[in-house]
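Subject: Handover of a structure for your review

Dear colleague,

Please find below the sequence and structure that I am handing over to you. My findings follow directly after them.

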Amino acid sequence: MTAIPPEPSHPQPLDKAVADAVNAVHHLYDPPLWLVTAAESPQPGSTRGGCIATFVARASIVRDRPRMLAGIARQHHTWRMIEASGRFAVYLLPEQALGLVWRFGLASGKHVDKYADLPDTRTPLGNPSVDGPIAWLDCQVEQAINTGDRSLYVAAVTGGGVLAEFAQPLTAGRLMALAPADKRAELDRLYARDGGIDAAAIDAWRATHLG
């Protein structure tokens, strides 16, 4: 007689040993950092947003139908801009562009203007552009999925290119290695804070969607 598998249960937080083992898997690879920019509308002068993300990946192998997948935390100001416009741009940064990481990664656009003293230049889709990246892609959202802590955006890539062919992209691991002690401490603090916000959002989503 074939055993009937049990009904799936509501996922619970992992105990420390299992969480450590899973974390070890995640540390086997070093994801690139992406600067994600978006604006309330494509018109110059509209409110702009930008954040540093690792959850950005190619989502199509079709050469003339490229897509990207991006996961953006729903508490971020940049998320609001993507929701408003249905567009965003992503930029790979070189190791020399730590200033852009501090500008876009250490404060919330809800409280400060991350583009203060920067010109309001836009990509062809109307997303904010910046100086100094290795490469960029313009993205038009085709599908959005709410996972509680994040929105997962499947987006058509409408343009882009390589600006510095031989530069190495900045990765999460290299960022922590290059960051001065005060910046690393702030990154650690923000990571812990955002983890708490995300945990509550995941639990609320599971309670609503999984019962």
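This is a predicted model: local features need pLDDT of at least 70, side-chain atom pairs count only at pLDDT 80 or more; totals for chains, interfaces and linings use all residues.

A salt bridge is taken here as a side-chain nitrogen of Lys or Arg within 4 Å of a carboxyl oxygen of Asp or Glu. R122 and D120 form such a salt bridge, with their closest N and O atoms 2.6 Å apart.

Residues are numbered from 1 along each chain as its sequence is written, and side-chain values use heavy atoms, with hydrogens and water left out.

**Annotation and secondary structure**

An unreviewed UniProt entry places the feature "domain: Flavin reductase like" at residues 28-179. UniProt positions are given in the numbering used here, feature names are shortened, and annotations may be inferred rather than shown by experiment. Helices (H or I, at least four residues) and strands (E, at least two) are DSSP runs, numbered from the N terminus.

**Salt bridges**

The structure holds 12 salt bridges. For accessibility, buried means under 20% relative accessible area, exposed over 50%, and partly exposed in between (1.4 Å probe, protein chains only). In the pair described at the outset, R122 counts as buried because its relative accessibility is 17%, whereas D120 is partly exposed, with a relative accessible area of 28%. Salt bridges that share partners join R48, D120 and R122 into one network.

A further salt bridge is formed by R174 with E95, whose closest N and O atoms are 2.9 Å apart. This pair links distant parts of the chain: R174 belongs to helix α4 (residues 172-178), and E95 to the loop between β5 (87-92) and α3 (98-105), 79 residues apart. R174 counts as partly exposed at 34% relative accessibility, and E95 likewise counts as partly exposed at 24%.

In another salt bridge, the closest N and O atoms of D117 and R103 are 3.1 Å apart. D117 lies in the loop between α3 and β6 (135-146) and R103 in helix α3, so the pair ties together parts that are 14 residues apart in sequence. D117 is exposed, with a relative accessible area of 68%, while R103 counts as partly exposed at 27%.

**Strand pairing**

Two strands are treated as paired if DSSP finds at least two bridges between them. β5 and β6 run antiparallel and are joined by 6 bridges; F88 has C139 in β6 as its bridge partner. β6 also pairs with strand β7 (residues 150-162) in the antiparallel sense, over 11 bridges. In β7, Y153 stands opposite A144. β6 and β7 form a hairpin with 3 residues between them, and G148 in the turn has a positive phi of about 95 degrees.

V90 is placed in strand β5 and is buried, with a relative accessible area of 0%. The C-alpha atoms of V90 and A135 are separated by 8.4 Å, although these residues are 45 residues apart along the chain.

**Aromatic pairs**

Rings of Phe, Tyr and Trp (its six-membered ring) pair if their centres lie within 6.5 Å; planes under 30 degrees apart count as stacked, over 60 as edge-to-face and the rest as tilted. A search of the whole structure finds 2 aromatic pairs. The rings of F88 and Y153 have centres 6.3 Å apart and planes at 50 degrees, so this pair is tilted. The pair links distant parts of the chain, with F88 in strand β5 and Y153 in strand β7, 65 residues apart. Both F88 and Y153 are buried.

For F104 and Y115, the ring centres are 5.1 Å apart and the planes stand at 70 degrees, so the pair is edge-to-face. F104 lies in helix α3 and Y115 in the loop between α3 and β6, so the pair ties together parts that are 11 residues apart in sequence. F104 and Y115 are both buried.

Yours sincerely
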